[in-house]
Amino acid sequence: MSLAELIRARRSIRKCNSTPVDQELVVELLRKANRLQPFGETGSWRVVYAGTPEARKRLVDCMLEQMSQSKIGKLIPGKLLDVFKKRFTDIPAHVIVMSTVGPDRLTNDRNYAAACGMMQCFQLMGWEHGLGMLWDTESMIQHEGFFKGIGLREDERFVGILHIGYFDKAPRSRKRTPAEQKWTVLRGQST
Amino acid sequence: MKLSDLEGDMGGPSEFLDQPVSQDLILELLNHAVWAPNDGLREPWRFIFVDNPYGDIMQGLQEQAPAYLLVLVNAESDQHKQEEDFAAVCCLIQNFRLLAYEQSLGVRCTLHDWMYESSRTEVFGVLNNERIAAVLELGYGANQSKGTTDLPETQLHFELL
């Protein structure tokens, strides 16, 4: 598969199977993705990994804490909440990414962009190994209890969680707008 | 080429050759790169290609390059969506860099303070409801290397929950 084919073939995977994910492989791919990210500064982001049943349960508990304690959440029947929880705890692995907050907007944006570039590279490499991922930035999970649960530091910003697993079937593609339709050319003036 | 086997310096060449960059090639690569994940298929990006054969249009703002690609991101939705949109554009840029590398096209991906100043960005046709996510300096490098340089091992900050 060429790079272009790989980039076009990757899908967000919302439903994975129960095949376990090897932590060693995740670390190896993160290491490689780190080397290929654009803004090249080390220490600008950090990864927390949840791969054991215990860690996964802890993560899902803090992800859904806010929801289950909210007014609406209390109206949700306990069983339904359990089904919802199980959907997440069944996912074999989660990579949580946070970037370092700098003294100014430029540093913040650079670090955040570096983390995002690394994550995309990691997703593509994962796809080459048959791993599917879903990049989760759902606003519902972004609250104090969750940030505390994942150990977000004062000088850090949450970038996203990648839910990771092998899958039986990839969803169909959704067509993209051709770049030509989002393209303007500006010519430099000769002096 | 298998991505997992890709090695080498992705930072882009330090100097570009005096060789033009084809618009068609950039469009071709972008049409692959737009397959980046983006929430709700908002496709929150737009591109301004700056053809710079005589090299003065970006003076004082960017380093010299035969061409520049201004990658714009939509900036009209709420803060959470804007963050997701910026992330999507970063993924697109990463795709583009990988594809360019395969074509031996050098890309220096830059973020600078002037990109936040609308008085400077409107000169290039950046609209009110968008902002510059990054400027890519494009060209062929004299020192473009493919897997020959030994990069220092970058540290991975990895912890268990």
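How many residues of chain B are in contact with chain A, and how many residues of chain A are in contact with chain B? In this predicted model, 60 residues of chain B are in contact with 59 residues of chain A.

**View 1. The side of chain B that touches chain A.** The elements of chain B that give two or more residues to this side are α1 (23-33), β1 (45-51), α2 (79-102) and β5 (158-160). With 12 residues, α2(B) gives the most. By residue type, this side of chain B divides into 36 nonpolar, 14 polar and 10 charged residues.

**View 2. An open sheet with strands from chains A and B.** The sheet has 5 strands in the order β3(A)-β4(A)-β2(A)-β1(A)-β5(B), and its pairing is mixed. Its edge strands, each of which pairs on one side only, are β3 (131-136) of chain A and β5 of chain B. From one strand to the next, the twist averages 25 degrees.

**View 3. The pairing of β1(A) with β5(B).** Strand β1 (residues 45-50) of chain A and β5(B) run parallel and are joined by 3 bridges. Within β5(B), L160(B) is the bridge partner of Y49(A), while F158(B) stands opposite V47(A).

**View 4. Helices of chain A that pack on the sheet.** Helix α2 (residues 23-35) of chain A touches β1 and β2 (93-100) of chain A together with β5 of chain B, and its direction makes about 165 degrees with that of β1(A). Helix α3 (residues 53-69) of chain A also packs on the sheet, touching β1 and β2 of chain A together with β5 of chain B, and its direction makes about 115 degrees with that of β1(A).

**View 5. R105(A) in helix α6.** R105(A) lies in helix α6 (residues 105-128) of chain A, and this residue is exposed because 11 other C-beta atoms lie within 10 Å.

How values were computed: Residues are numbered from 1 along each chain as its sequence is written. Chains are lettered from A and ligands numbered from 1 in the order in which they are written. This is a predicted model: local features need pLDDT of at least 70, side-chain atom pairs count only at pLDDT 80 or more; totals for chains, interfaces and linings use all residues. Two residues are in contact if their C-beta atoms, placed from the backbone, lie within 7 Å. Helices (H or I, at least four residues) and strands (E, at least two) are DSSP runs, numbered from the N terminus. Ala, Val, Leu, Ile, Met, Phe, Trp, Tyr, Cys and Pro count as nonpolar, Asp, Glu, Lys and Arg as charged, and the others, Gly among them, as polar. Two strands pair if DSSP finds at least two bridges between them. A residue is buried if 20 or more other C-beta atoms lie within 10 Å of its own, exposed if 12 or fewer, and partly exposed in between; C-beta atoms are placed from the backbone. Axes are lines fitted to C-alpha atoms, for helices over the stretch in contact, and angles run from 0 to 180 degrees between N-to-C directions.
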